[in-house]
Amino acid sequence: MPRSVLDCLVIGGGPAGLTAAIYLARYRRRFQVVDAGRSRAVLIPTSHNHAGFPEGINGRVLLGRMTEQARKYGAHIVPGSVTRLERRPDGVFLATLDGEPIPARTILLATGVVDREPELPAVSDVIRRGLVRHCGICDGYEAMGQRVGVIGQGNSGLHEALFLRTYASDITLLSLGRPLTLTAEERRQAAQAEIAVVEEPVRRVVVEGDQVRALNMLSGVCRSFDVLYAALGSAARSELVRGLDTHLDDKGCVVTDEHQRSSTDGLFAAGDVVRSLDQISVAMGQAAIAATAIHNRLRGVPSPREAPDDTLSFSPQDLCTCCSPLDARRR
Ligand SMILES: Cc1cc2nc3c(=O)[nH]c(=O)nc-3n(C[C@H](O)[C@H](O)[C@H](O)COP(=O)(O)OP(=O)(O)OC[C@H]3O[C@@H](n4cnc5c(N)ncnc54)[C@H](O)[C@@H]3O)c2cc1C
């Protein structure tokens, strides 16, 4: 028997996907969230910059609360990985999950990004234990007055080091034996900000308790740090939409308009996978906008929860594609 057509398939269940789930459930839409369970938020020991939590909040706890809230309104969240996304000639998307196609009128891509990790000895252990940080915007404040090592080969490493200069005066940029691809002007900027530059490889990472205490360099010199930041960039998880000719930027992030619409009709995106600031609050805000735009796009098409069957024909031209009733009134 063919599967019924969803109003929306949300791909990804991090802060963006779960926020969309809360909104879509409260809009009484028929949708599903598929999540592969690798949210970056899971790696957050305590977030101190997420509004509403003066004592900070653990990333896993936050995701748990959001899941509970979405389920309270009937959201269907299933574990798994969507491996393929295509579009039928009638405009309905077909997502493949466990070899089965899921048809949906709209897609919200909320798949996030993957951080590029440093090539350190025993790196997976260090990262799993959260001893290397990834985001100065998130926790630079907590590095106030500390000895900071920033791992980065290009100007993104330098930018992170300069950003962290607001909080710490003892900053070293480490290239781990790779050539630092900085221009003369960028090297001058580093020197002016008193950022030390070390380009030799690391022989051993010295972990003490829950901190990376030092890096033993190949030359035998031991360099001590209170905090290490990886600034090697990230890769957007946008492979699914490559076959849909969706407009991506040079980093593979989805380019959206102010309603989180991509260049592919019916495909929306929110969170880190979108070209914007990679923060929980941004992911949540974009997801709220996207879910509302999806709901308004489908208004006029009876919700399948109320429809007698799932044979509704969908013609985007007939529908309001703007986000809010206010926009519609203004036109
Ligand atoms: C160490 C660390 C600390 C951070 N600290 C903070 C902080 O203090 N404050 C802050 O605002 N931000 C912080 N961030 C950033 C924050 O985690 C991200 O901005 C946020 O998680 C983005 O949410 P998202 O939903 O877009 O993506 P994610 O949270 O990464 O979720 C994406 C989800 O999509 C799933 N997925 C991907 N592909 C598929 C597929 N094909 N099928 C099904 N599911 C799929 C993934 O498995 C994942 O579960 C931190 C990040 C890191 C790494």
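Axes are lines fitted to C-alpha atoms, for helices over the stretch in contact, and angles run from 0 to 180 degrees between N-to-C directions. The model is predicted, so that local features need pLDDT of at least 70 and side-chain atom pairs pLDDT 80 or more, while totals for chains, interfaces and linings use all residues. Residues are numbered from 1 along each chain as its sequence is written, and side-chain values use heavy atoms, without hydrogens or water.

**View A. Packing of helix 5 and helix 6.** Helix 5 (residues 155-164) packs against helix 6 (residues 184-192) at about 25°, and their axes are 11 Å apart. Helices are DSSP runs of H or I with at least four residues, strands are E runs of at least two, and both are numbered from the N terminus. The two helices, helix 5 and helix 6, are therefore roughly parallel (angles under 35 degrees). Their crossing is left-handed, the near helix being turned anticlockwise from the far one by less than a right angle.

**View B. Packing of helix 1 and helix 2.** An angle of about 20° separates helix 1 from helix 2 (residues 59-72), with 9 Å between their axes. Helix 1 is therefore roughly parallel to helix 2. Helix 1 passes helix 2 in a left-handed crossing.

**View C. The shell around the ligand.** The ligand is surrounded by 35 residues (a heavy atom within 4 Å). Asp35, Arg38, Ser39, Asn49 and Ile280 are the closest. Helix 1 (15-26), strand 2 (31-35) and helix 7 (280-298) each supply at least two shell residues.

View D. A ligand nitrogen lies 2.8 Å from a side-chain N or O atom of Asn49 (a polar contact pairs N or O atoms within 3.5 Å). A ligand oxygen is 2.9 Å from a polar backbone atom of Asp272.

How values were computed: Polar contact = N/O pair within 3.5 Å; in protein donor to acceptor, adjacent residues only side chain to side chain. Parallel < 35°, antiparallel > 145°, perpendicular 65-115°, else oblique.
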